[in-house]
Amino acid sequence: MRRSMLFIPGNNPSMIQNSPFLGADSIILDLEDAVSLDEKDSARCLVRNALLSLDFNGCEKVVRINSISSGFGYDDIDAIARIKPDAFLIPKATEDDIEEIDSLISTIEREEGFKLGCIKLIPLIETAFGVEDVFNIIKSSKRIVAVLLGAEDLTADMGIKRTKEGEEIFYARSRIASVCAALKVDAIDTPFTDVNDFEGLRKDAEKAKLIGMSGKAAINPRQIDVINEVFSPSFDDINWAKRVIEAYEKAKMEGKGVFALDGKMVDAPILLRAKNIIEKAKAIGLIKG
Amino acid sequence: MINAVKREIPEFIEGYGKVKPFMGAYANIGDVVKTSVKIKSVKPNDKKVLPSIKDALLKCGIKDGMTISFHHHLRNGDYVLNMVLDEIAKLGIKNLTVAASSIFPCHAPLVEHIKNGVVTKIYANYMSGPVAEAVSKGLLKYPAIMHTHGGRARAIESGDLHIDIAFIAAPTCDTYGNINGVEGKSACGSLGYAIPDAMYAEKVVAITDNLVDYPACPIEISQEYVDYVVVVDEIGDPKGIVSGTTRITRDPIGLRIAKLAAQLIDEVGLLKDGFSFQTGAGGTSLAVAAFVKDIMKKKNIKGSFAAGGITGYIVDMFEEGLFKALFDVQCFDLKAVESYKNNKAHQGMSASMYGNPHNKGAVVNNLDVMILGATEVDIDFNVNVTTGSNGIIIGGSGGHSDTAAGAKLAIVVTQLTKARLPIIVDRVTTVTTPGETIDAVVTERGIAINPRRQDLLEKLKDSNLPIFTIEELKNMAEKLTGVPEKIEFEDRIVAVVEYRDGTVIDVVRQVR
């Protein structure tokens with residue numbers, strides 16, 4: 001479940017300590033953009049110790065490493081992979097980077113006696129090439145569980161203006177959502193950068209959800225509630241799904257192959273959608289069972 | 001002897017007298033006797049306006065050993081207490097007792113009067129700043145007596161606290177002593193804390209910077225109680241009297257705590273039509289109000305009243321129709337002052353009506369939910385809001401103990417750790433409010449329900465809220481911070497913490 005993934009600067013002990021209790025499904029401890037060059041070593045050390053000693057309250061623990069090309073990425077992987085985070089977020093991911101990182105992590109997993117493949121990868125797609133190559137990037141490692149769209153860098157790479165409305169990233173969102181659905185990994189939407197505009201955030205998240213993104217990154221803890229709400233099934237959705245499943249059970253008892261609800265035929269895709277809603281609602285704790 | 005919150009307290013305290021130990025929050029309710037007050041009646045042509053504070057002091061017969069009182073509606077902008085004490089010092093008067101409903105950093109000059117023996121005893125419901133530090137370090141000759149807001153009213157009405165002269169800072173006053181707080185450059189709104197002083201002091205002096213023609217309507221404190229009126233240039237600094245606006249916290253941890261508190265209120269079934277509520281003016285407390293407001297609007301709930309010190313945020317809820325009325329003992333910001341002036345259902349209340357346990361029913365008794373703060377909470381749910389992590393006095397009950405005792409659900413909202421210290425501890429440094437009156441502690445990492453409230457635990461048994469025992473929360477905090485070393489104190493008692501019924505719940509000893 002990755003409705004919300006919260007970026008936390010890897011050099012801020014107080015924010016790291018409190019981050020698991022803010023409602024996000026995943027915490028991304030950031031060693032890259034949030035950390036200045038002269039703090040890379042100390043942030044790496046801080047993140048490592050935080051992962052070793054803090055209770056993450058069931059949140060997924062993700063570390064955004066520096067890119068391989070920056071020179072810091074290797075040290076990040078070596079220090080952090082040995083304490084088994086849930087996943088690494090890989091900036092400006094390419095197929096080559098992912099293959100190299102996969103191999104490095106496999107070596108560490110063997111050395112440390114971890115189960116092979118236990119550390120997952122999340123490529124950050126933030127170049128035009130990355131958008132076009134996203135299918136191959138995901139296929140390049142079995143560790144990949146999600147893809148995160150980084151729209152700020154992407155629009156800079158394309159030389160286009162980034163807007164609140166987000167029309168300029170419609171294609172990138174659509175492509176990533178479609179490829180992720182095809183390859184059964186999560187598609188995580190880019191952060192909304194105006195941290196005081198909650199209506200704008202809601203609209204942006206709803207737009208992403210409509211296209212098929214399954215969650216959204218947050219750059220401020222106050223964004224989490226809105227994101228979680230948008231990417232959780234609504235009570236109306238849950239009630240509808242319960243009714244579909246009840247009607248299905250009844251039809252099955254009566255030996256009917258097809259059945260209707262509210263005058264509309266319910267077929268396999270609709271039943272699947274209803275089952276997915278119930279499963280998601282259970283995972284979030286919206287319904288018991 | 002050991003009192004009901006397991007505190008070792010002496011049977012007799014020098015400068016305080018015989019100690020009545022705290023026996024339980026509701027152990028001392030029943031038949032009470034109110035005191036009578038000796039006054040001098042006036043003739044039809046008597047004038048009340050005097051040229052100076054010195055004249056008023058002389059007319060009132062100021063002398064060594066008297067008790068003089070002040071209210072704190074001008075908060076950290078108050079000039080009156082300092083002005084009066086400076087005049088008294090000039091007259092060579094010594095050994096006074098100052099009964100101020102609260103003492104703030106602006107009252108720093110009082111420290112000199114403590115040092116030179118002008119003031120030897122203090123009563124206050126709350127004190128912070130240099131005076132509180134001076135008391136903690138043992139500079140005051142006799143122990144300070146810390147009341148609750150309701151307890152101070154009780155003490156005055158019962159005669160436990162006899163006031164010789166009450167000085168009432170009056171934002172507006174007429175020539176015959178009628179006072180209100182809603183007009184004038186120093187307008188502060190409700191004057192609720194000053195009312196018991198006015199009614200029970202032998203002499204009452206109104207000090208105003210806005211003398212108006214008779215009558216000064218609306219009248220909050222009436223001419224029947226006021227002996228003299230003195231006009232000064234300024235009774236206070238408007239910047240310190242009321243803040244421009246009170247704001248909801250933007251801190252994500254504060255917001256998380258507030259959201260959990262609002263969910264708790266909802267899940268135990270208290271958020272329904274007729275709901276009554278009180279919260280403080282702090283950022284997190286106000287955020288609870290914001291989340292409660294969202295739920296009330298979503299569920300179309302019409303509340304009964306909100307009470308306490310009133311903020312603009314609570315006024316907004318009232319104006320949106322979420323509450324039928326407001327009970328206001330003190331306005332916290334300009335919006336609250338305006339509303340108090342203009343809305344009939346924005347009702348003023350005296351400190352006694354607010355929280356006195358020994359009257360025929362205080363407003364706190366009708367509260368459904370109270371949101372409280374804490375500097376420490378212990379595993380018996382006792383709360384300290386009196387002393388800080390270094391043992392120095394940093395506050396006091398104010399309305400904390402009164403509202404906790406009255407409300408159906410008293411919730412402490414606090415971060416689990418602050419400044420690398422655990423807030424939930426084995427034993428609080430000072431007990432301000434007894435654990436038996438605290439129902440829940442809400443932190444960012446979880447909620448602890450007082451085991452005395454099995455009814456609440458039953459209602460929450462299927463809840464998704466993160467419910468833990470208080471010991472589990474304490475362990476979580478200690479895992480992050482370790483266990484701090486105990487603060488060391490001298491034997492000397494520098495303050496006596498009275499519960500609202502006048503019994504002694506704890507003492508504060510001199511810091512080392």
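This is a predicted model: local features need pLDDT of at least 70, side-chain atom pairs count only at pLDDT 80 or more; totals for chains, interfaces and linings use all residues.
1. In which sense do strand β14 (residues 276-278) of chain B and β15(B) pair, and over how many bridges? The two strands pair in the parallel sense, and three bridges join them. Within this pairing, Ser276(B) is the residue that stands opposite Phe305(B) in β15(B).

2. Helix α11 of chain B spans residues 334-342, and its buried residues are Ala336(B), Val337(B), Ser339(B) and Tyr340(B). These residues lie on the same side of α11(B), because they cover an arc of only 165° around the axis. The general principle is that an α-helix has 3.6 residues a turn, so residues three or four places apart point the same way.

3. Chain B contains an open sheet of 10 strands with mixed pairing. The order of the strands is β3-β13-β11-β8-β4-β5-β6-β7-β28-β29. Why is one side of β3 and of β29 left without a neighbour in the sheet? Both β3 (49-50) and β29 (504-511) of chain B stand at the edges, and each has a single partner strand.

4. One pairing in chain B may be followed residue by residue. Strand β4 (residues 67-70) and strand β5 (residues 96-100) of chain B pair in the parallel sense over four bridges. Here Thr67(B) stands opposite Thr97(B) in β5(B).

5. In chain A, eight strands close into a barrel, in the order β1-β2-β3-β4-β5-β6-β7-β8, and their pairing is parallel. On average, neighbouring strands of this sheet are turned by 25° against each other, direction ignored. As an example of pairing in chain A, strand β4 (residues 87-90) and strand β5 (residues 120-125) are joined in the parallel sense over four bridges. Phe88(A) has Leu121(A) of β5(A) opposite it.

6. The domain assignment of chain B gives domain 1 (50-241) and domain 2 (252-487). The C-alpha centres of these two domains of chain B lie 29 Å apart. At their interface, 33 residues of domain 1 of chain B are in contact with 28 residues of domain 2 of chain B. The size of an interface is often given as the accessible area lost when the parts come together. For domain 1 and domain 2 of chain B, the area buried between them is about 2,300 Å², with 61% of it on carbon and sulfur atoms.

7. Two individual residues of chain B complete this note. Is Glu157(B) buried or exposed? Glu157(B), which is placed in helix α5 (residues 149-158) of chain B, is buried, because its relative accessible area is 7%, and the cut-off for buried is under 20%. Not counting residues up to four places away in sequence, Glu157(B) touches Lys34(B), Thr35(B), Tyr200(B), Ser352(B) and Asn356(B).

8. Lys6(B) belongs to the segment before β1 (12-13) of chain B. Leaving aside neighbours within four places in sequence, Lys6(B) is in contact with Asp380(B) and Arg427(B). Lys6(B) and Val511(B) are 505 residues apart along the chain, and their C-alpha atoms are separated by 21 Å.

Notes: Residues are numbered from 1 along each chain as its sequence is written. Chains are lettered from A and ligands numbered from 1 in the order in which they are written. Side-chain values use heavy atoms; hydrogens and water are left out. Buried means under 20% relative accessible area, exposed over 50%, partly exposed in between (1.4 Å probe, protein chains only). The arc is that of the directions from the helix axis to the C-beta atoms. Two strands pair if DSSP finds at least two bridges between them. Axes are lines fitted to C-alpha atoms, for helices over the stretch in contact, and angles run from 0 to 180 degrees between N-to-C directions. Domain bounds come from an automatic or database domain assignment. Contact means heavy atoms within 4.5 Å. Buried area is the accessible area (1.4 Å probe) that two parts lose on being put together, summed over both.
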